[in-house]
Amino acid sequence: MAVRPKDDRGDAPGDDPGPFAGAGGGPDPFAGPGDGSGLSAGPDDGSGSRDVSGDDLRLSGQNAEREREKDRARASDLIADGVRGADAREIPGRLCEVAVRLLPVVGASVSLRSDGMPVQLSASSAQAARLSEIQATLGDGPCVYAATIGAPVLADDLTNGRDARRWPVFAQEATAAGVRAVYSMPLGNDAVCVGTLDLYRDTPGALATGDLRTAQLVAGVMTVALMALPQGEENGSDADEPWLSGLATDYDEVYQAVGMIMVQLDVGADEALARLRAHAFAQNRTAVEVARDVVWHRNRFERD
């Protein structure tokens with residue numbers, strides 16, 4: 001998958017391209033020899049050190065390329081093993097589990113982008129599912145931002161500094177849940193982002209370049225799984241029904257609840273969703289849980 005090579009590390013989009021500049025920008029993590037290694041060729045300057053020769057540069061580049069290929073082959077093998085024998089509905093969850101095995105993270109989740117809120121499809125653990133739900137409920141966080149800009153969002157430290165200030169409420173909720181860093185990979189291509197693969201780490205820190213390449217590889221496979229797998233009768237559903245249709249049934253209740261709140265409060269869809277989210281946050285619940293109460297008439301929103 002060609003993930004748009006940008007990074008969110010600045011305080012606003014475009015402030016700092018980080019390790020992924022756009023076209024014509026910084027180093028490409030998939031680049032070969034001469035990709036910003038900092039080595040240069042030249043004569044000995046008499047200081048006791050010397051610049052690296054052209055032969056050394058080529059050797060260094062070749063070694064780095066071999067290591068990249070070994071990492072890619074290992075990741076590809078684990079991904080293939082992880083999804084072997086799975087039906088379409090199981091693959092997102094299997095890939096989340098593979099991501100945890102491949103990377104220095106404790107959890108992973110995958111969500112589809114939607115007009116109202118991210119739709120969680122699967123997660124590797126209850127903790128990862130909870131973090132995904134928190135972002136959907138808040139309408140804020142690395143996952144939401146990555147889907148918006150269609151680029152990786154790497155929140156290396158939610159305990160302090162820029163990332164904690166950027167998403168203060170989410171950072172507080174995440175750290176309380178045992179997560180200190182979140183890395184969100186967009187799913188799709190340069191033209192469209194269809195969702196995110198979100199990776200959760202229990203210690204602060206940046207992903208190493210090799211780990212970042214692996215995360216992008218998993219995201220690429222996840223995109224293929226979401227967009228190119230069979231549909232209809234091959235997956236035991238109606239011929240005209242996409243295979244994804246059964247994966248997000250909980251969120252059908254969110255949209256139904258939003259419609260009911262619109263009628264109850266005589267407000268628009270955006271305001272109704274904002275009220276639902278605020279109510280969920282105030283009660284330390286997820287938007288899905290509150291929506292279910294609204295749909296089943298256990299909770300009614302009253303006008304102020």
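Author: Buried means under 20% relative accessible area, exposed means over 50%, and partly exposed is in between, with a 1.4 Å probe and protein chains only. This is a predicted model, where local features need pLDDT of at least 70, side-chain atom pairs count only at pLDDT 80 or more, and totals for chains, interfaces and linings use all residues. Residues are numbered from 1 along each chain as its sequence is written, and side-chain values use heavy atoms, with hydrogens and water left out.

Reader: Ok. Where is Asp 157 found?

Author: Asp 157 sits in the loop between β3 (153–155) and α5 (161–166). Helices (H or I, at least four residues) and strands (E, at least two) are DSSP runs, numbered from the N terminus.

Reader: And why does Asp 157 count as buried, exposed or partly exposed?

Author: Asp 157 counts as partly exposed because its relative accessibility is 24%.

Reader: What does Asp 157 touch?

Author: Leaving out residues up to four places away in sequence, Asp 157 touches Asp 163, Ala 164, Arg 180 and Pro 204. Contact here means heavy atoms within 4.5 Å.

Reader: Let's zoom out. How many helices and strands are in the chain?

Author: The chain has 10 helices and 5 strands. Of its 304 residues, 44% are buried. Looking at contacts with a separation of 6 or more, 60% come from residues 24 or more positions apart.

Reader: Now helix packing. At what angle do α3 and α6 pack?

Author: About 160°, for α3 (residues 126–138) and α6 (residues 168–176), with the axes 10 Å apart. Axes are lines fitted to C-alpha atoms, for helices over the stretch in contact, and angles run from 0 to 180 degrees between N-to-C directions. α3 and α6 are therefore roughly antiparallel; angles over 145 degrees get that label, under 35 is roughly parallel, 65 to 115 roughly perpendicular, and the rest oblique.

Reader: Which residues meet there, between α3 and α6?

Author: From α3, Leu 131, Ile 134, Gln 135 and Leu 138 meet Val 169, Phe 170, Glu 173 and Ala 174 in α6. That contact of α3 with α6 divides into 6 nonpolar, 1 polar and 1 charged. Ala, Val, Leu, Ile, Met, Phe, Trp, Tyr, Cys and Pro count as nonpolar, Asp, Glu, Lys and Arg as charged, and the others, Gly among them, as polar.

Reader: What about α9 and α10, at what angle do they pack?

Author: α9 (residues 269–282) and α10 (residues 287–295) pack at about 110°, with axes 8 Å apart, so α9 and α10 are roughly perpendicular. Leu 276, His 279 and Ala 280 in α9 meet Ala 287, Val 290 and Ala 291 in α10. The residues of that α9–α10 contact split into 5 nonpolar, 1 polar and no charged.

Reader: What's the phi of Asn 284?

Author: Asn 284 has a positive phi of about 55°, although it isn't a glycine. Asn 284 is in the loop between α9 and α10, and it counts as exposed because its relative accessibility is 53%.

Reader: And where is His 297 found?

Author: In the segment after α10. Phi of His 297 is near 60°, a positive value in a residue other than glycine. At 68% relative accessibility, His 297 counts as exposed.
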